[in-house]
Each structure stands twice: as structure tokens, then as C-alpha cells.
Amino acid sequence: MDSKTVQFERTSGSEGDKPPCVWSSPEGGQKIDIGKQIFCNRSLNMRSIVAVGFDMDYTLAQYKPETFESLAYEGTVKKLVHDLGYPTELLDWMFDSTYMVRGLVLDKKRGNILKMDRHKYVKVAYHGFRELSKEDKVATYGSALIRDSFDEPEYALIDTLFSLAEAYLFAQLVDFKDNNPGKIPADYSRMYKDVRAAVDLCHRDGTLKKMVAIDPIRYINDDASIVPMLKMLRDSGRATFLVTNSLWDYTNIVMNFLCGPRAVNGCSALNFDWLQYFDVVITGSAKPSFFHDENRANLFEVDPESGMLLNTDNGTPMPQVDSSLRLPLKSLDKSCQVFQGGNVGHLHKLLSIESSSQVLYVGDHIYGDILRSKKVLGWRTMLVVPELEKEVELLWTLRDTRKQLQLLRIKRDRIEDQIHHLKWSLRFDGANAMNDEDILAEIDKLQSEQEQARVCHQHAQRECHQKFHKVWGQLMKTGYQNSRFAHQVERFACLYSSQVTNLSLYSPDKYYRPSEDFMPHEFDILLCQKDGN
């Protein structure tokens, strides 16, 4: 089956039976909706990129939180009850897939869930589902020594979409333990450890992946733009590769769903046609250790038809002791090689990569995909942030509200300065023409105005943040500082966007350039220019 046939069958039945619009199509090159744009932190000239790589889970395959994360949650609860001896009441609990967000930090010892800004100041904190007061936050997390940590083993970072379900379950367990003394003897740290153990049990026995394999369309978003994107990249002369921690059997099921022809009932017939869109596929990669060249993991070739692992010499096939073990691959397009394990050195050799900066890797996990590939290797990176689409669209809608918040802050600061000036004049005779009684009356009046401005700003800011999320606010902001999550995106991702297929909306030779950085003194001047002051 050729690529044109596959593309037709993938797109038939979509909205208006129209194929997805990509940059290379006659309709391409148009203005891109703000929610679909690619944002640039560091200049990246795609002409210098010779290979584009992808993670699979939560990058090419976008899982549906209302079904997949619920499945993970339910499986974890069952393991806690049946394998780890937790109370049976847990089986009646429900999961809210909208409650947790990425970028949070779990305080395992105290049972708290935190959101902090880029300076590691805790701005929002909950104990279970109970919000901590400002005084409690300062008393617990106000120390500079604590701000310098917020890392394992005392804390857990919620940086992946998959970890949202376990964070929600941890909060539920904290509340349950507090409200039912003696029912859970374990402390908060032990409870989190047990949740992680239950999640690992779900992975080990294949509970989650078996369910996805039975009915992929229930758990994975169907994106008809994946094949056109991969085809455009390959037509532009780039190599494409897939590096995933999932093993071959599951990888083949998911990639068939994403790239293979779709039957009328929405199911895909398992075959290997999707391999034509890649030069190399590496499964069972064990990222992030895969990104360390000194990692001595063996690289095995995978026989796609049988799943058998075959020995290789750094990717080169080796003679088998029993030649009958190597099955004939008559139906396969051998232009794509499938492997398991290995390390980045093997990948570079397979793709003839001369310099790490020639590789663009697209993933969803800041630590597992982006930080290590960027810091250790020097690969260029693109982070997929599905939450970003809604966030930037809301930012556009609320642009006037955000301007009003800025004006309220300016007003508050101006009143505060006036109060300071009047108080100063009271200390020095003759410093002001007003008598002391008039000055004190004016101070009282200004302090009342200051309190009104403070309360008005506080309420307006909270209302603005709640439009993004009822509890945690804007993903990329904490107050009016960048959030810890935004800080990591800025540090480690060359590019970031809401979907991997947004790449298909841009020229494969595009020169991505960042917007100008502004320091506070520049921003204030620009704001005055906009206001015409």
C-alpha cells in the first residue's frame, strides 16, 4: 500500500472529508491560529537539522485524560486495595481528570501539594484538598534553604500528564488519613511510595496497555495530521526516528492506530506500513538513561513479525548461531530498522549524525525527554504542551483584563509612595506646608484607598487565574511571575507548542527566531509608549 492510499484512508471520514491542511499543501502557508503556533526560546534554523525524532506516548500519541488517566487511576486504586492492603473504601472513589495540572510539587513528608514561581517561592499550597493559609505557607516554606531544594527524595515533581492521576490519588489519601485516624497507619511519605508502587504494578502486569490495545480510539486522540507531517519532513530530506520507552508490541499497536489505514468501525488492521515514515525506531529505550553515551545498554534488532530480539554489533546485524532464528521479512520495507535498547551513540551511528546540534527531538516530558537531551547531548528540542492551546487562547481573550491588572498595580504603588512621602514629612518640621492634623487625615484617606486598591487587585487577579484553572490558575504563571513549569520550559526547550503536528503548519526549512527579551526597565518604557504617556 503506497503512502497516498494510506493518507486517503486516514483522512476519509474527517470533517467535510477534507485532508488535513499542511504547509506543503496548496492551502498551506496561511495565518496560523494562536493556539497552534510554535513558540521559540532559542533560535533554530531548520536548514541545519538533518534528523527529527519523536517520543510516542503523550507526543505522537495524545491520550484522552477522561478515559486513559481514569483507567490509570482505577488500576492504581485496585492495586492499593488488593495488593497493598489499603481500605476497601478507596474502591468507591472517583477521579477528577481536570483537578491537577503539570508543574506542581508534592511534599511527601507533609502531604502538601505546591505551586511555585520561578524563584521557588510557594504561592499556592494545599494539604490534600485544603488550602493552606498565607501564614502556614510562610512558616513552612519561607526558608531560603527549603527554596533551594524542592527535589527528590523529599519532594515529587508532577511534570508529566501521566502523573496527574497519582497526584490526585495522593491528595485523596491525605484527606482520608486525616479524617479517619488509624485507618491508614502509613505516614504521608509511605502513602506516596505505595501509590508509586501501585502504578508500577499496573505497568508491570500490562493492565493499562492491554485495555488501550483492545480499543485504541477510546483512549488516544486520532490526529490525521501525523502522516502528512512525517511525509513532509521526509520529503524535505530529513531523516525521522522514533525513540520510546514502550516495547515493540505496544508501539506497533499505537503507531498502527495513528498512522495506519482506518476501517469503518474506527479500528486499524495491524501491519507494518507505518514504518515507511521512519528511518529508525528504537523501543524499550529506557529514557532518560538512553541519552547518556556511556550507558552500556545492548542494542537488539527487533523482528517486527515475531517480536524476537536479534543480536547486533552496534546496530549491524550479526550472524545467528542458529540461522533458522532469523525469520524472513518478506513483507517489510527494510528502509526502516527497528531496535530495542541501546543508547544515543547507537542512534547517531545508525543515522550518520555528525553533530548533536543536527538533531531536533520532540517530546512531552521536561526531565525524561527535553532536559537530558538538551543538557547532556546538545540536541535541539521541542516540548509538546497540550494545555498551551487553551491557555494562549484565553490569554488573548483576557488581554484587556491583564492590562487592567497592570494599571491596578501601578495605582497601588503610586498611593503607597504618597503615603511614604507624607509620613516622611511628619518627621521633619517645615518639610511640608500642611499641618500635622491635615497630613494625618490625608494619610488615613490614602491608606483607605490603598487597601481598596489592594483588595480590588487581589480579587481581580484571583478571578483572572481561576478562568484558567479553578484551583491552580494559569499554567505558565504564579501570581504575575513565571511559574516553575514556565521557567523549565524557557530553560530547556528550544521550541514549544500545543501539539506535535503543529510542525506541519510551518516550512520544514523555517528559521525559528525568539521574540525580544525584556527586562523590567524596558517593559515599563514600552508600556508607557503604548499608553501614550
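Predicted model: local features only at pLDDT ≥ 70, side-chain atom pairs only at ≥ 80, totals over all residues.

Trainee: Fine. In what order do the 5 strands of the open sheet run?

Mentor: The order is 7-6-5-4-8, with antiparallel pairing. Strands here are DSSP E runs of at least two residues, helices are H or I runs of at least four, and both are numbered from the N terminus. Two strands pair if DSSP finds at least two bridges between them.

Trainee: And which strands are at the edges?

Mentor: Strand 7 (130-131) and strand 8 (155-158), each of which pairs on one side only.

Trainee: How many bridges do strand 5 and strand 6 share?

Mentor: Residues 112-116 and 122-127 pair over 5 bridges, in the antiparallel sense. Lys 115 in that pairing stands opposite Val 124 of strand 6.

Trainee: Switching topic: which residues of helix 13 are buried?

Mentor: In helix 13 (residues 388-397) they are Leu 388, Glu 391, Val 392 and Leu 394. Buried means under 20% relative accessible area, exposed over 50%, and partly exposed in between, with a 1.4 Å probe and protein chains only.

Trainee: Why are they on the same side of helix 13?

Mentor: Because they cover an arc of only 160 degrees around the axis, taken from the directions from the helix axis to the C-beta atoms. Lys 390, Trp 396 and Thr 397 are exposed on the other side.

Trainee: OK, salt bridges. How many are found in the whole structure?

Mentor: The search finds 19, counting a side-chain nitrogen of Lys or Arg within 4 Å of a carboxyl oxygen of Asp or Glu. One of them joins Asp 107 and Arg 110 at 2.8 Å, N to O. Asp 107 is buried at 0% relative accessible area, whereas Arg 110 is partly exposed at 30%.

Trainee: Which parts does the salt bridge between Asp 509 and Arg 238 tie together?

Mentor: Those two side chains meet at 2.9 Å, N to O. Asp 509 lies in the loop between strand 19 and strand 20 (511-512), and Arg 238 in the loop between helix 9 (226-235) and strand 9 (239-243), so the tied parts are 271 residues apart in sequence. Asp 509 is partly exposed at 32%, while Arg 238 is buried at 7%.

Note on methods:
Residues numbered from 1 in each chain as written. Heavy atoms only, no water.
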